Amino acid sequence: RGMGGGRGMGGGRGGGRGDRQRPGILPDPNDPSPRAESSLQVRRIPPELLNRDILRAHFKRFGRILALRVVDLSGGDDAEQQQQQQQPQQRQRRRFGVAYVQFFSPGDARDALECPDWVLGNRGITLEYARKECLDEDEARARRAKLMTPEERKQQRRERAEAASRAKQEAAARRAEEQAELARKKAELASIQKQKAAVLQQAIKTQKAMLAQLGEEVDDGEAAGADAEMADAGPGSEGGSQRQGEEEGTRQEPEAEAAEEIDPEAAAAAAAEAAAAAEAAERERAAMAAQLEEAKVAAAAKAAEAAAMKRRIQEKLLAQARAAPEDPKLA
């Protein structure tokens, strides 16, 4: 393959090998494809260098190695194999391999990727992040534990203790916030209940005042009606004479004669006025009864709102109690 074109080594495909500045291909920050953090892929390894000991000796200078896997490929990737099939027979004898290296930490992998030296002193070998880690999480954790130094173990225990302390403090802060929120909700509920009691008290007071006023108006109407009946009956009737005798007792005969001079039209007008007053009192009583009913409906709505709020608070407390994290000391 010519040195001036074809597969570029500086950042993927396209550029010439002479333009390449380092063997490691840094990841594109705009590439959404998943990639590993601690594992690198070593590509286009010649057969004479495709050896675990040789690769381990090269990469261990960047940090501790958790895993090293070697894969023998014919011509690299599929596209390269297809391209080789179209080339002369003498160009198809070259075989390449791929290796995957997982380091102890992401920083070690980054150091190996950013190293300007050629991998194994070969310009054709490329280095980039692998798509996924060589080991699964549990196995990698177990191998890291074996490779850790005593000081790193102490540091890990300190970090775990600090993380547990922070988690405990955060949980305590959340509980304090929840308690404050609960106290605020309780105070709000008590205020609503107090308002409800005040509304009920005002409704009862209004009802009593309406009933008292209605009673006075009815008494006034009955008194006016009685006066009108007495005026219509006149002194000549037996009932009228009896009422006058009971109320006045010693009234003189001239006064009885004067009663005969009462105008019937005036008596009828007084009766009509009393009836109108009674009708107006009935309308006012109906209006007051409607207002009382509205006050009762408002009080019932306030009571329903208070009950719903109390139910929501209880459900929230129950959900928080179920979702509360366990104490690390108990775990």
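Biologist: Before we start, what does "buried" mean here?

Modeller: Buried means a relative accessible area under 20%, while exposed means over 50%, and partly exposed lies in between. Keep in mind that we are looking at a predicted model.

Biologist: Thanks! Then why is F62 called buried?

Modeller: F62 has a relative accessible area of 13%. The cut-off is under 20%, so F62 counts as buried. F59 is buried too, with a value of 1%.

Biologist: What makes the pair of F59 and F62 tilted?

Modeller: Their ring centres are 6.5 Å apart, with 50° between the planes. Rings pair if their centres lie within 6.5 Å, and planes under 30 degrees apart would be stacked, over 60 edge-to-face.

Biologist: Let's turn to charges. How do you know that R141 and E137 form a salt bridge?

Modeller: Their closest N and O atoms are 3.0 Å apart. The limit is within 4 Å, so the pair qualifies. R141 and E137 are four residues apart in helix α4, which separates them by about one helical turn. In an α-helix, residues three or four places apart point the same way, because there are 3.6 residues a turn.

Biologist: What makes R43 and E128 a salt bridge, and where do they lie?

Modeller: Nitrogen and oxygen meet at 3.6 Å, and the limit is within 4 Å, so this is a salt bridge. R43 sits in strand β1 and E128 in strand β4, 85 residues apart. R43 and E128 are both buried.

Biologist: One more: how do you know that the buried residues of helix α3 are on the same side?

Modeller: The buried residues are D108, A109, A112 and L113. They cover an arc of only 135° around the axis, which puts them on the same side of α3. What covers them includes β1, α1, β3 and β4.

Terms used. Residues are numbered from 1 along each chain as its sequence is written. This is a predicted model: local features need pLDDT of at least 70, side-chain atom pairs count only at pLDDT 80 or more; totals for chains, interfaces and linings use all residues. Side-chain values use heavy atoms; hydrogens and water are left out. Buried means under 20% relative accessible area, exposed over 50%, partly exposed in between (1.4 Å probe, protein chains only). Helices (H or I, at least four residues) and strands (E, at least two) are DSSP runs, numbered from the N terminus. The arc is that of the directions from the helix axis to the C-beta atoms. Contact means heavy atoms within 4.5 Å. Rings of Phe, Tyr and Trp (its six-membered ring) pair if their centres lie within 6.5 Å; planes under 30 degrees apart count as stacked, over 60 as edge-to-face and the rest as tilted. A salt bridge is a side-chain nitrogen of Lys or Arg within 4 Å of a carboxyl oxygen of Asp or Glu.
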